[in-house]
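I have opened my notebook beside the structure, and you are welcome to read along. These entries follow the order in which I looked things up.

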Amino acid sequence: MKIYNTLTKKKEEFVPIEPGKVRMYVCGPTVYNFIHIGNARPMIVFDTVRRYMEHKGYEVNYVSNFTDVDDKIIKKAVEEGVDANVISERYIAECKKDMASLNVRPATTHPQATQEICGMEEMIRTLIEKGYAYAAEDGTVYYRVRSFKDYGKLSHKNLDDLEGGKRSLLVFGADQKEDPLDFVLWKPKKEGEPFWKSPWCDGRPGWHIECSVMSKKYLGDEIDIHAGGEDLVFPHHENEIAQSEAANGKPFAHYWMHNAFLNIDNHKMSKSAGNFFTVRDIVAKYDPMVLRFFMLSAHYRSPLNFSAELMEAAANSLERIRTAVATLQFKAQNAEDSELTEQEKELLAQAAGFEAKFDQAMDDDFNTADAIAAIFELVKFANTCGDAEHTKAFWEALKEKITTLSDVCGLIVEKKEELLDADVEALIEERQAARKAKNFARADEIRQQLLDMGIVLEDTREGVKWKRA
């Protein structure tokens with residue numbers, strides 16, 4: 001299995017630190033609103049990487065954080081007149097719903113920055129003691145960039161180039177810095193902001209230190225894979241390396257993976273341009289699996305262009321797989337229940353060749369586009385078996401091959417039995433009763449049950465509305 005490593009700018013054979021185990025950290029979203037489809041790309045891509053690793057027999061410890069203290073969260077809290085944690089907890093819950101709809105598995109651990117402050121204080125103290133950081137008069141703690149000789153090794157920037165562009169790096173309080181390139185580890189509170197006590201001042205951590213600490217706590221000093229969007233290479237991931245390697249005295253991550261940007265109709269997504277879409281916006285129009293299929297239809301390191309036409313094409317392609325699976329299911333139900341014939345064994349051996357092509361594509365830096373092409377070859381092969389008198393075992397084996405490979409991609413291709421409207425209403429009534437009784441665990445369970453069956457709920461002032469995804 002080869003992975004393109006941003007650190008070395010080449011594909012490298014994957015060799016885990018511990019045989020049979022993978023330690024993987026993926027930077028998660030800042031939770032101040034519903035996640036947008038740009039956030040969804042790394043979630044889907046790296047969930048698929050994890051699924052394939054597990055498919056190959058690895059035990060994956062997958063950690064993905066929630067940044068739950070940030071200027072944007074504080075701004076939203078001020079606008080609504082609530083505490084910042086009200087905003088972050090609300091949108092963590094909403095993010096998890098969106099992830100579930102896209103069949104993104106929950107991480108082994110989803111740490112939250114605000115729950116790891118003690119670890120951040122400890123790492124900052126270590127960096128100060130080792131001479132990599134210093135406190136200014138107002139209590140701000142800065143990282144001495146020039147004290148870390150390998151700074152720039154991930155982004156392939158050198159300090160002289162950064163120094164030349166330092167005007168763009170100047171921030172509030174820069175006159176306190178020893179060097180314009182130094183970045184913040186801890187900053188003093190502002191009026192009305194959440195804060196924590198520390199040896200330096202009442203304040204909160206800088207963004208970069210959060211991931212260094214959460215990765216260390218849940219995965220150890222040295223990890224196999226660190227991943228995220230390409231916009232995080234500099235300065236976020238570069239700064240993580242500087243902090244972690246200086247504090248821990250070990251290489252931080254062996255492989256760095258970054259997905260490319262998602263554009264909308266060949267333009268950068270932005271609210272001002274009116275082309276900003278949340279996951280909720282898209283799954284209101286399409287089956288969530290169509291969005292997942294679309295995200296995997298290109299290599300993760302290639303820019304991906306989102307458009308209505310491409311989504312329709314994805315919907316049609318996914319339907320081809322689902323139709324083939326449904327057909328195989330029908331044939332199995334109506335076939336003779338006997339042992340495989342020699343001819344059928346030969347046919348299944350041919351089908352295994354498409355599975356090998358799937359693995360070959362995924363082993364080559366997780367080329368999901370070619371992997372999906374292999375699934376389509378398998379679908380075409382299944383269709384060419386026609387209406388011949390094959391056994392139940394044969395049709396079921398073909399169906400299992402297609403569904404297994406699709407599941408590695410996180411694609412749900414077996415059509416669910418459609419609920420009757422009356423059944424949906426009955427479950428909604430049960431959920432309302434559970435909420436009234438403050439049995440929120442059961443209420444969430446019912447919502448998820450309906451979501452799994454393709455029913456999306458929307459809680460409004462007028463009551464609960466629902467629709468089929």
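Predicted model: local features only at pLDDT ≥ 70, side-chain atom pairs only at ≥ 80, totals over all residues.

**Entry 1**

Next I looked up how S11 and S12 pair. Strand S11 covers residues 262–264, and its pairing with S12 is antiparallel, over two bridges. Which residue of S12 is the bridge partner of Ile264? I found that it is His267.

**Entry 1**

I stayed with S13, because I wanted to see one of its residues, Asn305, where a cut-off matters: buried means under 20% relative accessible area. Asn305 has 19%, so it counts as buried.

What does the side chain of Asn305 reach? I found the backbone nitrogen of Asp265 at 3.2 Å and the backbone nitrogen of Asn266 at 2.4 Å. Leaving aside neighbours within four places in sequence, I listed the contacts of Asn305 as Asn263, Ile264, Asp265, Asn266, Phe294 and Leu310.

**Entry 1: Ala314**

I moved on to helix H10 (residues 308–333), where Ala314 is found. Ala314 has a relative accessible area of 4% and is buried. With residues up to four places away in sequence left out, Ala314 touches Val290, Phe293 and Phe294. I also looked up a distance: the C-alpha atoms of Ala314 and Met295 are separated by 9.3 Å, and the two residues are 19 apart along the chain.

**Entry 2: helix H7**

How many of the 16 residues of helix H7 are buried? I got 14 for this helix, residues 233–248, so H7 is largely enclosed by the rest of the structure.

Two details here went into my notes. Pro235 is found in H7, and a cis peptide bond joins Phe234 to Pro235, with omega about 5 degrees. Gly249 follows H7, and its phi is positive, near 70 degrees.

**Entry 3: Asp98**

Is Asp98 buried or exposed? I found 2% relative accessibility, so Asp98 counts as buried. Its place is in helix H3 (residues 84–101).

I then looked for a partner. The side chain of Asp98 makes a polar contact with the side chain of Arg280, at 2.5 Å. Not counting residues up to four places away in sequence, Asp98 touches Ile35, Val279 and Arg280.

**Entry 4: Lys2**

I turned to strand S1 (residues 2–5), where Lys2 is found. Lys2 is partly exposed, with a relative accessible area of 41%. I wrote down what Lys2 touches, leaving out residues up to four places away in sequence: Lys11, Glu12, Glu13, Asp363, Asp364 and Asp365.

Lys2 and His267 are 265 residues apart in sequence, and 32 Å apart in space from C-alpha to C-alpha.

**Entry 5: two positive phi values**

I looked up Lys9 and Phe366 for their backbone angles. Phi of Lys9 is near 60 degrees, a positive value in a residue other than glycine. Phi of Phe366 is also positive, near 55 degrees, and this residue is not glycine.

Where do they sit? Lys9 is in the loop between S1 and strand S2 (10–13). Phe366 is in the loop between helix H11 (342–363) and helix H12 (368–384). At 53% relative accessibility, Lys9 counts as exposed, whereas Phe366, at 2%, counts as buried.

**Entry 6: the whole chain**

Last, I stepped back. The protein chain has 15 helices and 15 strands. Its radius of gyration is 25 Å, close to the 23 Å that the globule rule gives for 469 residues, so the chain is as compact as a globular protein of that length. Its C-alpha atoms fill a box of roughly 85 × 55 × 40 Å along the principal axes.

I noted that 49% of the 469 residues count as buried. The chain exposes about 22,300 Å², and carbon and sulfur atoms supply 49% of that area. Among contacts between residues at least 6 apart in sequence, 75% join residues at least 24 apart.

Terms used:
Residues numbered from 1 in each chain as written. Heavy atoms only, no water. Pairing = 2+ DSSP bridges. Helix = DSSP H or I, 4+ residues; strand = E, 2+ residues; numbered from the N terminus. Buried < 20%, exposed > 50% of the residue type's maximum accessible area, 1.4 Å probe, protein only. Polar contact = N/O pair within 3.5 Å; in protein donor to acceptor, adjacent residues only side chain to side chain. Contact = heavy atoms within 4.5 Å. Rg over C-alpha atoms; globule rule 2.2 N^0.38 Å. Areas by Shrake-Rupley, 256 points an atom, 1.4 Å probe, with all protein chains shown as cover.
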